[in-house]
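Subject: Structure handover

Hi,

Here is the structure for you to look through. My notes on what turned up follow below it.

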Amino acid sequence: MKKVLIDCDPGIDDALALALAAGSPSLDVVGVTTVGGNVDLPLTTANALALREFLELGDVPVTPGSAGALLRETVRAARVHGTTGLGGVVLPAPSRGPSDGHAVDFIVDTLKAAPGEITLVAVGPLTNIALAVRREPRVVEWARDLVIMGGSFTRGNHNPAAEFNMLADPEAAAIVFDAGWTVKMLGLDVTLTAMVTAEVLDRMRPLGRLAELLVPAAQFYGVVTADGGPAIHDACAVAYVLDPSLFTCVPAVVNVETAGRYTRGMTVTDFKVTAQDSNALVATSMDVKGFWELVLGAYEGLAGRLG
């Protein structure tokens, strides 16, 4: 079993990433922490709570964290994810509330209690992770790994230079990349290839109660065709934890632009470095067929349990 702590801002693709984690018997989700990102923190937390119950994640703690960026104005993506954050998905209201405390404390305390055992999977703005590093620098040593969905070595999506998670809190991202660990970066260069096609959607439709989440979520971003459709970015980070061999990754030095008028949030990536000098392992390509076999297999297994 691989233990993971998922920091997220649900978010349509966050929901699909949590579904992948819930449907993967080899993963032990030890906690979910939330951050303001795609929508405001009360909504991302409410969505995480609803998803915990809908996906039958049991007693996994859901702990809210940072509402906004460290220094910058709020950046949100409701135009992409809908006003609730889950697009056209309507889940039953959760019967239980979040855990007491703050996500940053939960991250630090959980990693401290099991050094070297837990992989951090961050699929939203990196505010909580940065604050955890600032509060207790040893989290860099205690974490087994840090896998993020964010950034790009080519172009952005929220603007021409920056991917949304990086733009939402570039100062936090800079802290995380400079903290002394090797960040596994699953950026737009690979996540945009994780497209929901008509064939993928056809495999989601028969999945009973789970299809009530998967199908409207997969279609909300845009039109699904035989050749392509919306990409489920955040699931790539969970897939990397499950099977790193699906990805080609290259050592790099990644610096996050915090001052540029037009390039704030850009992940400036230098591949002309040795592995010893790098601060990141950057995914450059993905086995798309293998990715979908992994994801859909997990969804099918989860659907069998949910009914």
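**Salt bridges**

There are 14 salt bridges in the structure, a salt bridge being a side-chain nitrogen of Lys or Arg within 4 Å of a carboxyl oxygen of Asp or Glu. Before the details, note that this is a predicted model: local features need pLDDT of at least 70, side-chain atom pairs count only at pLDDT 80 or more, and totals for chains, interfaces and linings use all residues. Residues are numbered from 1 along each chain as its sequence is written, and side-chain values use heavy atoms, with hydrogens and water left out.

Arg76 sits in the loop between β3 (62-64) and α3 (78-81), and Asp40 in the loop between β2 (27-34) and α2 (41-54), so the pair ties together parts 36 residues apart in sequence. Helices (H or I, at least four residues) and strands (E, at least two) are DSSP runs, numbered from the N terminus. Arg76 is partly exposed at 22% relative accessibility. Asp40 is also partly exposed, at 41%. The classes are: buried, under 20% relative accessible area; exposed, over 50%; partly exposed, in between (1.4 Å probe, protein chains only).

Lys184 bridges to Asp145, with the closest N and O atoms 2.7 Å apart. This pair links distant parts of the chain: Lys184 is in strand β6 (residues 183-186) and Asp145 in strand β5 (residues 145-149), 39 residues apart. Lys184 is buried, at 13%.

Glu293 pairs with Arg203, and here the closest N and O atoms are 3.1 Å apart. Glu293 belongs to helix α13 (residues 288-306) and Arg203 to helix α10 (residues 198-204), distant parts of the chain that lie 90 residues apart. Glu293 is partly exposed at 44% relative accessibility. Arg203 is partly exposed at 27%. Shared partners also join the salt bridges of Glu53, Asp59 and Arg96 into one network.

**Strand β4**

All five residues of β4 (residues 118-122) are buried, so the strand is largely enclosed by the rest of the structure. Ile118, Leu120 and Ala122 are buried on one side, Thr119 and Val121 on the other. In a regular strand, side chains alternate between the two faces of the sheet.

Strand β1 (residues 2-8) runs parallel to β4, joined by five bridges. Two strands pair if DSSP finds at least two bridges between them. Ile6 has Val121 of β4 as its bridge partner. Strand β5 also runs parallel to β4, through four bridges. There, Thr119 stands opposite Asp145, the residue that forms a salt bridge with Lys184.

**Nonpolar cores**

The largest nonpolar core has 70 residues, and Leu55, Met204, Leu210, Phe291 and Tyr299 touch the most other members. Such a core is a set of buried Ala, Val, Leu, Ile, Met, Phe, Trp, Tyr and Cys residues joined through side-chain atoms within 4.5 Å. Beyond its neighbours within four places in sequence, Phe291 is in contact (heavy atoms within 4.5 Å) with Ala194, Ile232, Ala235, Cys236, Ala239, Leu246 and Met286. Another core, of 37 residues, lies apart from the largest one and includes Phe106, Leu126, Ile129 and Ala174.

Regards
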